[in-house]
Every structure is written in structure tokens, then in C-alpha cells.
Amino acid sequence: AVQGWPEKYAGKAGGGETGPRVLHTEFTVEKASDAAVAELDVQNWPTWTTAGNPKWLVGNTNADKEMPYGELSYVISGKLEIIPPSGERVLVEEGDFVTFPQGFVATWTVLEELTWHYYLY
């Protein structure tokens with residue numbers, strides 16, 4: 001279990017009408033609609049931030065970061081540049097949903113201090 005994960009989702013990921021679920025199977029960045037944020041119950045997901053984490057200071061680049069699990073994130077604030085294997089730079093910013101499939105490898109650069117909600121699967 002993930003620390004901070006709401007008990008109401010225990011054993012129900014993706015199984016209810018509302019609450020977290022996988023949106024894509026590939027790395028995807030998309031603007032989140034208010035309706036989707038409400039439907040997925042994003043405000044009750046755990047929160048992660050780069051604040052106070054030396055590895056994730058603004059301007060730091062972390063090459064070849066591999067996702068050990070699938071993750072759907074909702075960016076509350078901040079900016080991040082991700083360079084996937086294709087080499088195309090992708091900007092992630094406030095209001096985005098980001099799907100990271102398990103095993104996804106990319107280079108990450110923090111452009112502004114980040115805070116996001118996350119769902120691990």
C-alpha cells in the first residue's frame with residue numbers, strides 16, 4: 001500500500017464509477033478537464049513534491065529515470081521537462097495528467113518546483 005493512499009480505494013483501483021484508474025498504456029501528457037479530475041477523485045490521491053528533495057532541485061537533470069511501476073499523475077503546480085527515448089522534449093505543467101507506464105525510461109529536468117497527486121498501478 002502507498003502511504004497516504006485513501007482506504008476507500010483499497011482493493012478497488014479501476015473498479016468503481018469514480019476513483020483512480022489507468023487512462024493510457026503509453027507515456028502520455030494531456031490537459032485534465034475539471035470533469036475528469038472530479039471523476040477520478042484526484043483531490044484524495046496522495047501528494048508528492050520536489051520541495052526539500054536535493055535530487056529534484058530546480059535545474060537538476062535526472063538521466064535515465066526508470067519508472068518501477070505504472071503511475072498516473074496530476075500536476076498541481078510547477079513545470080518539468082521530460083525527454084523520452086524518442087528524443088522529443090515534452091513539457092509537463094500545472095493541470096496536466098501524465099501517464100507513466102511501468103518500465104518507462106526518460107530524462108527529467110525540473111524547471112519549476114513541482115507538486116502533484118499520483119495514483120500507482
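Ala32 sits in the loop linking strand E1 (28–31) to helix H1 (34–39); helices (H or I, at least four residues) and strands (E, at least two) are DSSP runs, numbered from the N terminus. This is a predicted model, in which local features need pLDDT of at least 70 and side-chain atom pairs count only at pLDDT 80 or more, while totals for chains, interfaces and linings use all residues. Residues are numbered from 1 along each chain as its sequence is written, and side-chain values use heavy atoms, with hydrogens and water left out.

Setting aside neighbours within four places in sequence, Ala32 touches Val37, Tyr74, Gly95, Asp96 and Phe97 (contact means heavy atoms within 4.5 Å). Tyr74 is 42 residues away along the chain, yet its C-alpha atom is 7.9 Å from that of Ala32. Across the chain, 74% of the contacts between residues at least 6 apart in sequence join residues at least 24 apart.

As for confidence, pLDDT (the predictor's confidence in each residue, from 0 to 100) averages 89, and 86% of the residues score at least 70.

Of the 121 residues, 40% are buried, meaning under 20% relative accessible area (1.4 Å probe, protein chains only). The chain exposes about 6,600 Å², with carbon and sulfur atoms supplying 49% of that area, by the Shrake-Rupley method with a 1.4 Å probe.

Key. Buried < 20%, exposed > 50% of the residue type's maximum accessible area, 1.4 Å probe, protein only.
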